[in-house]
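Hi,

Here is the structure I promised to pass on.

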Amino acid sequence: MIIKTREKPLIILQLEALVRRLPPEHVKLPRIKESLSKRNAGYKGEKAVDYHLEQQPEKDFAILNDLRLQNDDYYYQLDSILINSSFIITLEIKNIAGTLFFDQNFHQLIRTIDGKETAFPDPIVQSQQHVTKLKNWLIKKQFPDIPIIPLVVISNTNTLIRTSPENQRLSDIVININYLPFKILQIQKLYSKQIFNDKDLKKLARQLKKNHTEQFQPVLPRFEINEKEVLKGVICPACKTLGMERIFGSWCCPRCQTKDKDAHILALNDYYLLFGQDITNKQLREHICISSPTLAVRILNSVTHSSSGSTKSKVHKLSLIVKE
């Protein structure tokens, strides 16, 4: 059963907000869009793997996706983890086009596409490191010792996977996405001794989900963008024009005349993604281009659940708002 579903990564949402909020001629925009394209490709590859995971019998596995756990002072990310009563499988998912050569002498991944070679960190090393960290986590949480099998899944079905002749056992770890269901069955036949009872398995799945920590890193400093460069205003949901006006309780687009009472929701989400969760009445007014403190209070009270400070300096806590 799927215990933790895969959601669009926060960094993708941040990059999308940044693209919306920068002038079309901004010098950093091509670099930001390139980064967004790469992130979206990775997410697309992970979602392709999800299709195969969702086909697994619910009674056999507890599955958690996009799991970020703490190991001492550091965090590590598991793309997917499958928990069985006899073993655990971790998945490192890569959506890389071209021809991939796994160099096990220098422990790097070399991608060739259009005659150009590019080196990447070895995902096999990454997956093995994750196994070590997960084993330590299980020991600290006093769970029984259980086999952990790392797999590297290449999610692009057109990608060629190669290695040197002496490393043919690479196929034990690196697989094409289409072979994943068969590999899981193969592992089930190899590991049949029950280690977790049903109670242990459910307890482990709950604790893993509870210990997941979302990563929030400011995106503006990453691209050396000043806050003043970010465009303010409410974006029209129909024509995407920036600069909707508040008229008689609704937002009205001066370009296409679209009216929407909740058009400010996207603007608030953009603020959260680009500047963080703390927002004051003044900051809201500046961000969505309104002058009325009373209207700002009404909007903040409708979308935030906590605040601190006195009336004039009150700081409200934003979160991502999902429109029904």
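Predicted model: local features only at pLDDT ≥ 70, side-chain atom pairs only at ≥ 80, totals over all residues.

**What I found**

Let's start with a pair of strands: β3 (residues 74-83) and β4 (residues 88-94) run antiparallel to each other and are joined by four bridges. Helices and strands here are DSSP runs, with at least four residues of H or I for a helix and at least two of E for a strand, numbered from the N terminus. Two strands count as paired if DSSP finds at least two bridges between them.

Residues are numbered from 1 along each chain as its sequence is written, and side-chain values use heavy atoms, leaving out hydrogens and water.

One example is Ile89, whose bridge partner in β8 is Ile149. As a reminder, strands of a sheet pair through backbone hydrogen bonds, either parallel or antiparallel.

Zooming out, six strands form an open sheet with mixed pairing, in the order β1-β2-β3-β4-β8-β10. β1 (2-4) and β10 (174-176) are at the edges with a single partner strand each, so one side of each has no neighbour in the sheet. From one strand to the next, the twist averages 35 degrees.

Two helices lie across this sheet. Helix α2 (residues 29-54) lies across β1, β2 (62-71), β3, β4 and β8 (148-154), at about 145 degrees to β4. Helix α4 (residues 180-190) lies across β3, β4, β8 and β10, at about 165 degrees to β8. These angles run from 0 to 180 degrees between N-to-C directions, with axes as lines fitted to C-alpha atoms (for helices, over the stretch in contact).

Is β4 mostly covered or mostly open? Mostly covered: six of its seven residues are buried. Buried means under 20% relative accessible area, exposed means over 50%, and partly exposed is in between (1.4 Å probe, protein chains only).

**A loop to look at**

Now find the loop between α5 (198-211) and β11 (245-247), which holds Ile225. Ile225 counts as buried because its relative accessibility is 7%. Apart from neighbours within four places in sequence, Ile225 is in contact with Leu18, Leu22, His26, Lys28, Ile32 and Leu220; contact means heavy atoms within 4.5 Å.

Glu224 is in the loop between α5 and β11 too, but it counts as exposed because its relative accessibility is 65%. Its phi is near 55 degrees, a positive value in a residue other than glycine. Lys240 also lies in the loop between α5 and β11, and has a positive phi of about 65 degrees although it is not a glycine. At 59% relative accessibility, Lys240 counts as exposed.

**The whole chain**

Overall, the protein chain has eight helices and 16 strands. Of its 324 residues, 44% count as buried. Its C-alpha atoms fill a box of roughly 70 × 55 × 35 Å along the principal axes.

Enjoy exploring!
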